[in-house]
Amino acid sequence: MKKQTHTILKNVFGYDNFRPLQEEIINRTLEGKDSFVLMPTGGGKSICFQIPALVFDGITIVISPLISLMKDQVQALKSNGIKADFFNSSISPQEENEVINKAMNGELQLLYLSPEKLISVSNTWLKELNIKLVAIDEAHCVSMWGHDFRPEYTQLKIFRNSIPDVPFMALTATADKSARIDIQEQLGLSNSKLFISSFDRKNLSIDVRGQVQKKKKLQEIINFIKRRKNESGIIYCLSRKNTEEVASYLKEEGHSVAFYHAGMNHEERENTQTDFINDDTKIIVATIAFGMGIDKSNVRFVIHYNLPKNLEGYYQEIGRAGRDGLPSETILYYNMRDFVLYSQFANDGANSGMQKEKLNRMLQFTEAKSCRRKILLSYFGEHLTENCGNCDVCENPPKDFEGTILTQKALSGIARMKEQDGITMLINVLRGSNNADIHEKQYFNLKTYGIGKDVSFFDWRDYIIQMANQGLIEIMYSENSALKISPIGWQVLKGEKKIRLTTPISAKDKKKTQKVAKTTTIDEADKDLFTELKKIRLSIAKEESMPAYIIFNDKTLKLMASELPTTENEFLAISGVGMNKMEKYGEEFMNVIRKFKNIAKPRKITTTQKTYNLYKEGLNPTEIAEERNLSITTIYSHLSQLYLEGKEVYLEKLVTKKVLDNVRIAFNELERKVELKPIYEKLNEEVSYGEIRLSVTLILKNE
Ligand code: ADP
Ligand code: ZN
């Protein structure tokens, strides 16, 4: 019998609604068909195969190359009461036997396997299992064109062909069009349906800051971190040496920080990673080696200390922020020097043409004067119709003006200096500065000396870079960065072409609009409670030796801190709380909330009270849910709570007679114990927890 997927979503995972595409993918899988799922990191891919795994009578095999992630994923499933295990090179022969036994005895709903283990066992015990679904995570690893090719993945097609009637699901967060075709071909998924969800991560703000000198950059980062006390973040650097330098600088300033790069030994890296995941280290300064095996939901910021090599990498790296959906910030610093350095690398390496092309796209992105998200998404084939409002350009839209004369001043300066000097000398001459170099070269005799006095040094710098970006000037990195005039530049100088420039954004303007972390929308009282809830979570995590976010993620804790649930009903209504976690941890967390409620000053009316007020005004549950921007399940649970308190709420209208009768039968058969889980199971997991509680309440109240 097909169990209701919505009910599983709420009861097991604690979520009220599917995200876009999840339900379609699940339904198609339940029909036994193949799917190809392309969703960004944090988009919610796992649920697409986990829910079918719970519906099917048999086992779901999950192939993943990320061994370090498997344990966490399995722990997370177990914490939701799901029977799952993993099989990879990290476990002992004895543990292997235990897992095999469990799988053979039908005691597992999901089994995670590394591709090499799959190959080695595919002709032994694995063949005996009642496999109902195979999910291939990180499916791009099968493509040789991708950036993360794993030879073992190419064997998966044989496995696929050995069980042709079992649905397969390929999942990945990175694959352009040609890679997608390749992946489908390689895995033998010719009849799969492609599901692509939006790659727009609206909760990530994008900020790009160019040409910031090292000292200022470090100062800005320090200021940024100071205003985000206790938040987790990643700072990406180009070189190993850089990561150590920046980390030690931040450490001196008293921050909780560690560095990470491929030059460290395995154990050091493992420990650094674990401390970060467990919130024992707040900030990691790393090369891009860091992050692949990390599934941490509360990373609040990602800073690029240097220019990334391409937009794919950049998007993947900033994507590690805000996986819990809460507002998170990203900053990218870039310097022409990074660009030059990479260009040189690219010259030497294989695939040089493509690498350079990608590098150029990266630079264009950083220099762009229009909505960054639009540019980024269009690169990935998605077109936004409106500006995002959450990037630095949207927040400080540039104003452009007729800049031909200004440009001509600069160009003639270059011409008169015989294209021998760099940007600083040019500006000093234009501004009529009086220094030793100018004296030595006798530049004060030039006609252009002092013709640009009225423009500040920094504005000139910005304009000249704009001129370079418009192709009027070339910066000759091979000749001490001397400026040369291009053919178009000469046209401008001769008055044959007009030029528009944009007003530079001064640091002052930028500060004005720089919001202090948008994540601080949670008010002060809530914040104290949030801190308390985090403490409890950490102590449970230590006790059960698992990462804290597996117990509840930050988003769920924040909801607890603002909604203040103190009854089972209210607690279950929090997004991210399923039945298993409610039973396991509910009391501990609610005790903290109750204590807090008692000592806190009388504050705003409770969430249940708010619902009641609207109910009394005559709104129906759906309208209340809309008005309050909460889910209908939440409103139902408020109403049943109110009913229990003896308020005038008509629950009878909210459950159908059929549901009520079924619950009554199950309830009686179970000797009328007020335990909801047995009833839920008795009813084939088809009736939601909220409805069961409502019905039981009605049954007991009305005898
Ligand atoms: P991915 O594998 O695509 O990177 P995950 O499957 O890890 O993403 O999901 C990211 C986060 O979103 C997880 O914390 C997950 O529990 C949560 N999530 C997934 N689906 C939903 C949903 N329908 N409602 C709320 N949260 C969800
Ligand atoms: Zn924008």
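Around ligand 1 there are 14 residues, and those that come nearest are Tyr15, Asn17, Gly42, Ser46 and Arg323. Please keep in mind that this is a predicted model. By class, the shell around ligand 1 holds four nonpolar residues, seven polar ones and three charged ones.

Arg323, already listed among the nearest residues, has a side-chain N or O atom 2.6 Å from an oxygen atom of ligand 1. Lys45 takes part through its backbone: one of its backbone N or O atoms is 2.9 Å from an oxygen atom of the ligand. For Arg19, a polar side-chain atom sits 3.2 Å from an oxygen atom of ligand 1. As for cover, ligand 1 on its own has 570 Å² of accessible area, and the protein covers 81% of that.

Next, the chain as a whole. How many helices and strands does the protein chain have? The count is 33 helices and 17 strands. The chain has 703 residues, and 53% of them are buried. Its accessible surface is about 33,000 Å², with 49% of that belonging to carbon and sulfur atoms. Along the principal axes, the C-alpha atoms fill a box of roughly 105 × 65 × 45 Å.

Thr60 belongs to strand β2, which runs over residues 59-63. Its relative accessibility is 0%, so Thr60 counts as buried. Which residues is Thr60 in contact with, leaving aside its neighbours within four places in sequence? They are Ala53, Gln109, Leu110, Leu111 and Leu133.

The other one is Leu557, in helix α25, residues 554-563. Leu557 also counts as buried, because its relative accessibility is 0%. Not counting residues up to four places away in sequence, Leu557 touches Phe530, Leu533, Lys534, Arg537, Phe552 and Phe589. For a sense of scale, Leu557 and Ser178 are 379 residues apart along the chain, and their C-alpha atoms are separated by 41 Å.

Asp279 is not a glycine, yet has a positive phi of about 65°. You will find Asp279 in the loop between α11, residues 266-277, and β11, residues 283-286. Is Asp279 buried or exposed? Its relative accessible area is 15%, so Asp279 is buried.

Asn629 is another residue other than glycine with a positive phi, in this case near 60°. The loop holding Asn629 lies between α29, residues 621-628, and α30, residues 632-644. Asn629 counts as exposed, because its relative accessibility is 70%.

Terms used. Residues numbered from 1 in each chain as written. Chains lettered and ligands numbered in written order. Predicted model: local features only at pLDDT ≥ 70, side-chain atom pairs only at ≥ 80, totals over all residues. Heavy atoms only, no water. Helix = DSSP H or I, 4+ residues; strand = E, 2+ residues; numbered from the N terminus. Buried < 20%, exposed > 50% of the residue type's maximum accessible area, 1.4 Å probe, protein only. Contact = heavy atoms within 4.5 Å. Near = heavy atom within 4 Å. Polar contact = N/O pair within 3.5 Å; in protein donor to acceptor, adjacent residues only side chain to side chain. Areas by Shrake-Rupley, 256 points an atom, 1.4 Å probe, with all protein chains shown as cover. Nonpolar A, V, L, I, M, F, W, Y, C, P; charged D, E, K, R; others polar.
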